[in-house]
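Let's take a friendly walk through this structure, one neighbourhood at a time. Keep the view open beside the text as you read.

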Amino acid sequence: MTIDQGKIGRRTLLGLAAGAAAGAAVGLSALPALAASPSTLDRVKESKRLRIGVTSAEPWFFKDPMTETWTGVGVAMGQRLAASLGATLVPVETTWANAVGALQADQIDLMFVLDPTEERRKAIDFPDAPLFYYAMGALVAGDSTIKSWADIDKPGLRIGVTLGTSLDKNVTAMVKQAAINRFSNNDETIAAFAAKRIDVAVQFHPALVVQQTRLRLGKVILPEPVEPVATSVGLRKEESPAFRDWLDGQLKTLYADGVPDQLFAGYLKSKNVDASKIPGLIKEAWH
């Protein structure tokens, strides 16, 4: 299935993303001690600072090289949550592989777009409500005939993934013959594709669409089989459920109001991409 910005419709994504609900960050510690009182919710209200992890990964997080200002869907969601607490958003740079450790070490309060895998649940907490949904896709050469994950798993084919993501776990589980190359962030993975050091870059579909639009190389496909994948927001385990319960309620309201799609469309518009021709982040609209 090819994502054609001029032709794709919402119905195309009824069955997004191949088994991407699994996956774990590298080197998670087992069942850390619960954080002591007061809760993070109380601390944020008192300090008026909400710290979120950020890493190079459009459209979720993007750092302007000139102003060093962070933008993106994850940043915008964080700003909304911070505002509701009367706090200022504080971006803290990390990586996907280190995000769980940063939460455990109290270096950040939240990490957006972190899939709630079983391994991660042993180390950190997640709200019940999803942040939004996306699809596991692949950036391939423009003349590629790849249509399925089975087509990708061939001897001699080089796959690029971002280290410590659920995609890393998924690809590792699926691939038996192709070579897997791991990179520290999404930009490095795409740079390797542009340099022809890998044949396929695997990321979730919103990130790939933004990267392909900027790169203008190859095409984005949704290899079959495809299923919807829910992503979430990671936070520390605590004795008090106050922060988790507050976050759960906030995400339910934001999702019901279609805010993730609105923020995604706004970010794409800032990059001169027509969001109306690209699958969104609200699965109920995929029809």
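## A loop residue and its contacts

Ala57 lies in the loop between β1 (49-54) and β2 (62-63); strands here are DSSP runs of E with at least two residues, helices are runs of H or I with at least four, and both are numbered from the N terminus. At 1% relative accessibility, Ala57 counts as buried, a word that means under 20% relative accessible area, with exposed meaning over 50% and partly exposed in between (1.4 Å probe, protein chains only). Leaving aside neighbours within four places in sequence, Ala57 is in contact with Trp96 and Asn186, where contact means heavy atoms within 4.5 Å. The C-alpha atoms of Ala57 and Asn186 are separated by 5.4 Å, although these residues are 129 residues apart along the chain.

A word on the model itself: it is predicted, local features need pLDDT of at least 70, side-chain atom pairs count only at pLDDT 80 or more, and totals for chains, interfaces and linings use all residues. Residues are numbered from 1 along each chain as its sequence is written, and side-chain values use heavy atoms, with hydrogens and water left out.

## Two sheets

Which strands make up the open sheet of mixed pairing? There are 5, in the order β9-β8-β10-β7-β11; two strands pair if DSSP finds at least two bridges between them. At the edges are β9 (179-183) and β11 (219-221), each pairing on one side only. Neighbouring strands of this sheet are turned by 30° against each other on average, direction ignored. Strand β7 (residues 136-140) runs antiparallel to β11 and is joined to it by 3 bridges, and Ala138 stands opposite Ile221 in β11. Helix α8 (residues 205-215) lies across β7, β10 and β11, running at about 130° to β10. For such angles, axes are lines fitted to C-alpha atoms, for helices over the stretch in contact, and the values run from 0 to 180 degrees between N-to-C directions.

Another open sheet has 3 strands in the order β5-β12-β6, with antiparallel pairing. Its edge strands are β5 (111-114) and β6, each of which pairs on one side only. The twist averages 35° from one strand to the next. Here 3 bridges join β5 to strand β12 (residues 229-234), and the two run antiparallel. Met111 stands opposite Gly234 in β12.

## The nonpolar cores

A nonpolar core is a set of buried Ala, Val, Leu, Ile, Met, Phe, Trp, Tyr and Cys residues joined through side-chain atoms within 4.5 Å. The largest one has 72 residues, and those with the most contacts inside it are Leu110 and Phe112. Helix α2 (residues 73-84) gives the largest share of this core, 6 residues. Leaving aside neighbours within four places in sequence, the contacts of Phe112 include Ile52, Phe61, Met77, Leu81, Trp96 and Val233.

A second, separate core has 9 residues, among them Leu139, Ile190, Ala192 and Phe193.

## Aromatic rings

How many aromatic pairs does the structure hold? It holds 8, counting rings of Phe, Tyr and Trp (its six-membered ring) whose centres lie within 6.5 Å; planes under 30 degrees apart count as stacked, over 60 as edge-to-face and the rest as tilted. Tyr134 and Phe204 are stacked because their ring centres are 3.7 Å apart and their planes are at 10°. This pair links distant parts of the chain, with Tyr134 in strand β6 (residues 132-134) and Phe204 in strand β10 (residues 200-204), 70 residues apart. Tyr134 and Phe204 are both buried. Phe243 and Trp246 form a stacked pair too, 5.9 Å centre to centre with 10° between the planes. Phe243 and Trp246 are 3 residues apart in helix α9 (residues 242-256), so about one helical turn separates them. Phe243 counts as buried at 1% relative accessibility, and Trp246 counts as buried at 17%.

Ring pairs also link Trp60, Phe132, Tyr134, Phe204 and Phe264 into a cluster. Elsewhere, the charged end of Lys271 sits over the ring of Phe62, 3.9 Å from its centre; this requires NZ of Lys or CZ of Arg within 6 Å of the ring centre and within 35 degrees of the ring normal.

Leaving aside neighbours within four places in sequence, Met174 is in contact with Met136, Trp149 and Asp153.
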